Amino acid sequence: MLEGALNEFSSEGAPLTSGDLLILSEYVRINHSLQRLDLSNADIGPEGIEALASAMRLQRTIETLDISGNPACAAANNDTPDALEPLRAFTLLGNALNENTTLQTLKTHKLAFPVAMLHAWKNALRVKLVDFSNSSRGVLPRALHESLYDTDVAVIACMLVGAPVDALDLSGNRITDHGCNCLAKVLMDPLESSAGLPLVQLRDLDLSSNLIGSGGCKELGRALRHNSNLRRLNLSDNKINVNGARYIAGILSAGRPGQRAAAAAEVDSLWQSNYLSSLETLILSDNPLGAQGVRRIAAHLGDGGGHEPGRLTHLDLSGTGAHAEGGVALGGMLKHNNHLRVLELRGANLSEQEDGGNHSDNAMREIGAGLSFNST
């Protein structure tokens with residue numbers, strides 16, 4: 001029996017029956033001090049989601065709701081009568097969250113989420129952090145719709161407008177350049193709310209382990225030239241090559257690049273803006289940038305040839321095929337960049353030439369020299 005005015009409740013991964021959920025929902029409804037409700041991995045089905053929806057409609061104190069890892073909509077994406085019950089349950093939960101103005105964090109990590117219900121949740125996104133990541137491939141039955149696709153991301157992008165969402169995790173899905181472009185469009189929007197706040201307030205965007213290439217990077221680069229909020233961008237484990245690196249490099253500095261950077265990359269409209277990106281952390285690990293792509297990134301972080309290096313303090317280029325040529329460029333960058341605090345280069349093959357030539361210690365020697373100049 002639940003008694004007293006708890007501030008936090010966790011099922012601690014124990015399975016909850018429908019009867020348990022009815023009792024818990026009644027307690028949640030009348031509790032005016034509960035701030036965190038963790039129902040992750042509790043084997044909650046559609047009936048449990050409906051009970052939770054009923055409680056959340058009237059709840060005004062819960063700030064964090066975690067329903068990760070539940071099979072509530074195992075049949076939601078199958079074209080069978082069995083799909084109706086979970087779809088109805090999530091529609092009710094979406095409607096309840098539309099009326100709830102207190103919730104700040106919603107966690108759905110590894111939830112077999114009914115993608116069709118994203119449309120019903122358009123107005124529910126008043127929360128600060130939303131986790132739509134998918135690390136469940138190979139764990140859930142193959143019949144389930146395990147990932148979000150571009151059409152789903154288009155809906156999520158619309159949900160972001162006017163919502164005070166600080167962090168959005170879309171990692172491990174099937175998002176391509178088109179889906180990335182949908183996000184870029186809303187990130188570029190300079191309009192502000194009546195309170196003077198940007199309509200899209202994202203500070204942390206995780207798009208790792210998707211299918212994004214140079215086309216998505218191009219639009220994302222343009223968008224971030226107009227966005228002063230985003231602080232952390234994770235694009236690791238995508239399909240970003242040297243052309244994608246060109247567009248990402250364009251947001252890392254203000255003004256036209258110096259002669260050395262201009263030789264490394266074509267000048268286009270991205271370079272013309274004097275607006276300085278707000279990015280502080282950029283994760284590009286496990287992308288096929290190659291030595292030329294890494295050189296383009298390095299050129300815009302410390303060329304010293306007439307443009308101002310950005311505010312970036314953390315850069316991860318692990319597993320990008322930097323090789324010796326890219327390492328030499330990074331060493332040169334370190335001589336001029338006094339903002340960067342963390343540079344990750346795991347598996348960068350710095351002792352190898354990209355063309356398969358003889359081993360070289362030039363990269364490590366140049367990076368060492370750069371660090372001796374760098375005061376950070």
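The points below comment on a predicted model of one chain.

1. Basis of the values. Because the model is predicted, local features are given only where pLDDT is at least 70 and side-chain atom pairs only at pLDDT 80 or more, whereas totals for chains, interfaces and linings use all residues. Residues are numbered from 1 along each chain as its sequence is written, and side-chain values rest on heavy atoms, with hydrogens and water left out.

2. Overall make-up. The chain holds twelve helices and 13 strands, where helices (H or I, at least four residues) and strands (E, at least two) are DSSP runs numbered from the N terminus. Of its 376 residues, 53% are buried, a term that stands for under 20% relative accessible area, with exposed meaning over 50% and partly exposed the range in between (1.4 Å probe, protein chains only). The accessible surface comes to about 16100 Å², and carbon and sulfur atoms contribute 49% of that surface; the areas come from the Shrake-Rupley method with a 1.4 Å probe, and for residues only the protein chains shown count as cover.

3. Contacts along the sequence. Among contacts (heavy atoms within 4.5 Å) with a separation of 6 or more, 82% join residues 24 or more positions apart.

4. Helix α7. Six of the eight residues of α7 (residues 242–249) are buried, so this helix is largely enclosed by the rest of the structure. The buried residues are Gly-244, Ala-245, Arg-246, Tyr-247, Ile-248 and Ala-249.

5. Cysteines. The structure holds zero disulfides, a disulfide being a pair of cysteine sulfur atoms within 2.5 Å. For Cys-180, the nearest cysteine sulfur is that of Cys-217, 6.5 Å away. Cys-180 is buried at 1% relative accessibility, and Cys-217 is likewise buried at 1%.

6. Ser-11. This residue lies in the loop between β1 (8–10) and α1 (18–30) and, at 8% relative accessibility, counts as buried. Leaving aside residues up to four places away in sequence, Ser-11 touches Leu-16, Asp-38, Leu-39, Ser-40 and Ala-42.
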